[in-house]
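Please look over the sequence and the model shown below before reading on.

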Amino acid sequence: MNNTIIMDHPLIKHKISLLRDKNTGSKEFRELVSEVAMLMCYEATRDLPLKEVEIETPLAVARSQVINSVKIAFVPILRAGLGMVEGMLSLIPAAKTGHIGMYRDPETLAPKEYYCKLPMDVASRQCYILDPMLATGGSAIGAVQVLKDYGVKNIKLLCIIAAPEGLKALSEAHPDVQIYCAHLDEKLNAEGYILPGLGDAGDRIFGTK
């Protein structure tokens, strides 16, 4: 899967270990998800274009570089993806945020869209879909298709934990989407949950279970 980048940073590995721990409470879990997202944002934005400008320092004029007029949108998949937004915005506070609501049918595991609210100019933006868990890939595939239906051309997906089945499904459905994954786990269980995983990310973020 040439469109997939698996993170290999010690800070990310350490924080994921804490996320996996069943004894990690909701407050710390939320903070860790946000911190991992911030670290992933650093890597996922590595290819942003730059332009050269002149900056007047206290001592002289310096030739320097700034991001070259790229409009960005973060699009979390509700509800767990909300946990990654703050970390991303801490690095790019000018980005706009859209929301796509997807849920997985417990019997068929197929994605169902129930909400969509995107920036008016989303088609002209570099969009980063955010979802902590890429399990079957159904929700991610659906969210990417929603953005494409709105005319978005530049799409990346960031997930913290992925199953091989989900990565394969998303890569085959949307080979043009770059995937950034903090850790690739072993497999899915019969219920479609990632093993060893970290449980239900949404429930742990919001303390609903």
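## Strand pairing around β6

In which sense do β6 and strand β7 (residues 111–117) pair, and over how many bridges? They pair in the antiparallel sense, over six bridges, where two strands count as paired if DSSP finds at least two bridges between them, and I100 stands opposite C116 in β7. β6 also pairs with strand β4 (residues 72–78), here in the parallel sense and over two bridges, with L78 standing opposite G101 in β6. The strands (E, at least two residues) and helices (H or I, at least four residues) are DSSP runs, numbered from the N terminus.

## Basis and confidence

This is a predicted model, in which local features need pLDDT of at least 70 and side-chain atom pairs count only at pLDDT 80 or more, while totals for chains, interfaces and linings use all residues. Residues are numbered from 1 along each chain as its sequence is written, and side-chain values use heavy atoms, with hydrogens and water left out.

The mean pLDDT (the predictor's confidence in each residue, from 0 to 100) of the protein chain is 94, and 99% of its residues reach 70 or more. Confidence is lowest in strand β6 (residues 99–104), at a mean of 87, and highest in strand β8 (residues 126–130), at 98.

## Nonpolar cores

A nonpolar core is a set of buried Ala, Val, Leu, Ile, Met, Phe, Trp, Tyr and Cys residues joined through side-chain atoms within 4.5 Å, buried meaning under 20% relative accessible area, exposed over 50% and partly exposed in between, with a 1.4 Å probe and protein chains only. The largest such core has 36 residues, and those with the most contacts inside it are M40, Y128, L158 and I160. Among the elements that give two or more residues to this core are α1 (10–20), β4, β8 and β10 (154–162), while its largest share, eight residues, comes from α2. A second, separate core of 25 residues includes A73, A140, V146 and C159.

## Two aspartates in loops

D131 lies in the loop between β8 and β9 (133–134) and is buried, with a relative accessible area of 11%. Beyond its neighbours within four places in sequence, D131 is in contact with residues including I77, M84, L158 and I160.

D176 lies in the loop between α5 (164–173) and β11, and its contacts, leaving aside neighbours within four places in sequence, are K148 and I155. The side chains of D176 and K148 are joined by a polar contact of 2.9 Å.

Technical notes:
Contact = heavy atoms within 4.5 Å. Polar contact = N/O pair within 3.5 Å; in protein donor to acceptor, adjacent residues only side chain to side chain.
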